[in-house]
Every structure is written in structure tokens, then in C-alpha cells.
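Try each task before you read its solution.

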Amino acid sequence: MTKPRVRFAPSPTGHLHVGGARTALFNYLFARHNDGVFLLRIEDTDRERSTPEMTAAILDAMTWLGLEVDEPPVFQAEGLDRHTQDVGRLLDTNAAYRCFCTPDELKQRREGARARGEPYRYDGRCRELPRSEVEKRAEAGEPYAIRFAVPKEGDVSWDDMVHGKTTIANKELDDFIIQRSDGTPVYNMAVVSDDIAMGVSHVLRGDDHLSNTPKQILLYRALVHEPPEFAHL
């Protein structure tokens, strides 16, 4: 194993809880056991709920626990320009597309699927729009989000360090949003961009993130970057 780089990435929307501390401890011990680097990223892109007081509380709690980081903390909100550039790269390579569906339209389709007893997945209608129409609507100022174009065939597989080989069929994923209509990145996009920039080699996190992994692996591949090793605790 080359020298690993792992990170703990809490959101400063509340105090550090036991589950988060447990995840931080696994990352810390993995780094120390393998002569690696333990990093901290404060995921503060939720501007309404993130506060400097909670950031300070998280840092104090980690100090109290003895979880010393090896490099200065990274603040996710400071990477917004890079996140936007990475979204632009995905648009340029047709790995992503603009979606003009309004919240009300999406709500109606979601409710319709629920009434039929079906799981809701975005139907990809904006994926097929002609480029000329997309450019015209964007230039006219029509709001749009940006979605990742999930390959229609195949699957996503990875060798999870805890669960073993894990496979998710692409058809189980819809074209998920990577940038909101206000220009802010969605969680999965920001995380992949940040982990690439920080040189993260192993992602050790809770099982609640398992559903994010296939989406993030697809983003890594679309950005022409090797995904890290994953371990879901």
C-alpha cells in the first residue's frame, strides 16, 4: 500500500456526535497504522445551517479526543470555484446536461409515481433536448439545474474494504443533480471534487453513505480520475 490519505468530513450544522467521532477514529487509526495522513474537511456549503460556533465545537471535540490532523483543515465552501469548473468539464464532455424541469413539475411526477406505487426516477427528458434549444433557453435566462448523465447500460462495481465486492446496476440510478439552479454544487459533486483536490486515497465512512458510492464512482470516471478505495463501516 502506498502512503494513504484519509479524511474525516463533518458538517458544522451541529455538535460532533458519537457516530461521527467513531468514523473519525477509524480514519485516524487507519492513517496511523499505515504511516498515512489524516485530514479534516469541514463541509460548510449549507450556509443557512452551518455556523462558526459549530465549526469551533467540532475542532474542540477532536482535540479533546486526541484526533490530531496532519494538515490544516479544509473548508468545503472555499472550493466553490473548483466545483463549478469540474461541473463545466462534465458539461463539455457531455457527461452532464442542463435540466429545465421546474420544482413543481418534478413534484407532480413524483406524486404521480407514488400514486401508481412506483419508485420515482427522473425520466431524462431534458437529456434529449437539442443543443440549439438548450443554448437558447439558457441564454434567455431560464433557470436550470445540471444533471449527471448516468450511462444507460452496465453497472458500477467496487471492492469495498468491509462489504467485499459490491455492484449496482446503472438502471437503478437516475440522472442525479450535481449543481442546483442557484449555481451551488450538490453533495456528491462537491465531495468528489474535494477528494480529488486533497489527494484522498481511501474513504472510510458510515454505511449510510453506501448509496452515494456508485454515483461518486461515476463522477470520478467522468472526470478521468481513479476512484479511491471505499470502506463502509
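**Exercise 1. Is Phe-100 buried or exposed, and which ring does Phe-100 pair with?**

Step 1. Phe-100 has a relative accessible area of 4%, so Phe-100 is buried. Buried means under 20%, exposed means over 50%, and partly exposed lies in between, with a 1.4 Å probe and protein chains only.

A note on the source: this is a predicted model, numbered from 1 along each chain as its sequence is written. Local features need pLDDT of at least 70, side-chain atom pairs count only at pLDDT 80 or more, totals for chains, interfaces and linings use all residues, and side-chain values use heavy atoms, without hydrogens and water.

Step 2. Apply the ring rule. Rings of Phe, Tyr and Trp (its six-membered ring) pair if their centres lie within 6.5 Å; planes under 30 degrees apart are stacked, over 60 edge-to-face, and the rest tilted. The count comes to three aromatic pairs. One of them is Phe-100 with Tyr-144: 5.6 Å centre to centre, 65 degrees between the planes, edge-to-face.

Step 3. Phe-100 is in the loop between β4 and α4 (103–115), and Tyr-144 is in the loop between α5 (131–139) and β5, 44 residues apart. Helices (H or I, at least four residues) and strands (E, at least two) are DSSP runs, numbered from the N terminus. Tyr-144 has 25% relative accessibility, so Tyr-144 counts as partly exposed.

**Exercise 2. Classify the pair of Phe-148 and Phe-176.**

Step 1. The centres are 5.4 Å apart and the planes 25 degrees, which makes the pair stacked.

Step 2. Phe-148 sits in strand β5, and Phe-176 in the loop between β7 (164–169) and β8, 28 residues away.

Step 3. Phe-148 is buried at 3% relative accessibility. Phe-176 is buried too, at 6%.

**Exercise 3. Which charged ends lie over rings?**

Step 1. The test: NZ of Lys or CZ of Arg is within 6 Å of the ring centre and within 35 degrees of the ring normal.

Step 2. Arg-137 lies over the face of Phe-100, 4.4 Å from the ring centre. The charged end of Arg-147 sits over the ring of Tyr-122, at 3.7 Å from its centre.

**Exercise 4. What is the strand order in the open sheet of three strands?**

Step 1. The order is β4-β5-β8, with antiparallel pairing. Two strands pair if DSSP finds at least two bridges between them.

Step 2. β4 (96–99) and β8 (177–179) each have a single partner strand, so one side of each lacks a neighbour in the sheet.

Step 3. Four bridges join β4 to β5 (residues 145–148). Ala-96 stands opposite Phe-148 in β5.
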